[in-house]
Amino acid sequence: MLAIDRPEGAASVPHPEGRLPGNVVLEHAEYCTDDGCSAMCIVLAVDEQGCATRGRGEAASRFYPILHHPKAARAERPIVDGVSHPTVKPRGVMDWLVALACRPGDTVPDMFAGTGTTLEACRAAGVHSVGIEREANYIPLIHERLKS
Ligand SMILES: C[S@@+](CC[C@H](N)C(=O)[O-])C[C@H]1O[C@@H](n2cnc3c(N)ncnc32)[C@H](O)[C@@H]1O
């Protein structure tokens, strides 16, 4: 155990071995299974950085929330007049993030709305949202998602 003296009046003292960054969520790669991670997995990459365990003998990834969620199902991908979006986020992930970060009545600005998955998750959680999307042909996808 390393004792760190806090100088008089100092709010905090940097740990000499560095610190684990806050506000980070890790996500398993698509082909990870319960038996192990695939080579491109960020969870695996973090765990291979043994220095981040600070000698506690635990894999560093245990200090972060870890997502393992399948890609958005076909039913979650709106198509309007043959237009679809290439990178629709899974609704379950956005539900989880909104619950993690927001209280009912908060307002979420989504500057990269895409098909509006985040806006839909906000509405379900009683959270206000403002969506901005650069590509005009994706706007009908947002309307389609939110019309129900
Ligand atoms: C990863 S997608 C978002 C997908 C969305 N979360 C969903 O589940 O449908 C990012 C979106 O940001 C939009 N975008 C990129 N740059 C932008 C900008 N400067 N202003 C507004 N939208 C932008 C892209 O057109 C794209 O639709």
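Mentor: The model is predicted, so local features need pLDDT of at least 70 and side-chain atom pairs count only at pLDDT 80 or more, while totals for chains, interfaces and linings use all residues. Residues are numbered from 1 along each chain as its sequence is written, and side-chain values use heavy atoms, with hydrogens and water left out.

Trainee: Which polar side-chain atom lies 2.6 Å from an oxygen atom of the ligand?

Mentor: A backbone N or O atom of K89 lies 2.8 Å from a ligand oxygen, and a backbone N or O atom of R134 lies 3.1 Å from a ligand nitrogen. A polar contact is a pair of N or O atoms within 3.5 Å; within protein, one must be able to donate a hydrogen and the other to accept it, and residues adjacent in sequence count only if both atoms are side-chain atoms. The side-chain atom at 2.6 Å from a ligand oxygen belongs to T115.

Trainee: With which residue does the side chain of T117 form a polar contact of 3.0 Å?

Mentor: T117 is found in helix α3 (residues 117–124); helices (H or I, at least four residues) and strands (E, at least two) are DSSP runs, numbered from the N terminus. T117 is buried at 4% relative accessible area, where buried means under 20%, exposed over 50% and partly exposed in between (1.4 Å probe, protein chains only). The side-chain partner at 3.0 Å is R145.

Trainee: Within what arc do the buried residues of α2 fall?

Mentor: In helix α2 (residues 91–101), V93, M94 and V98 are buried. Seen down the helix axis, they line one face, because the directions from the axis to their C-beta atoms fall within an arc of 130 degrees.

Trainee: What is the phi of D81 near?

Mentor: D81 is in the loop between β2 and α2 and is exposed, at 79% relative accessibility. Most residues other than glycine have a negative phi. The phi of D81 is positive, near 50 degrees.
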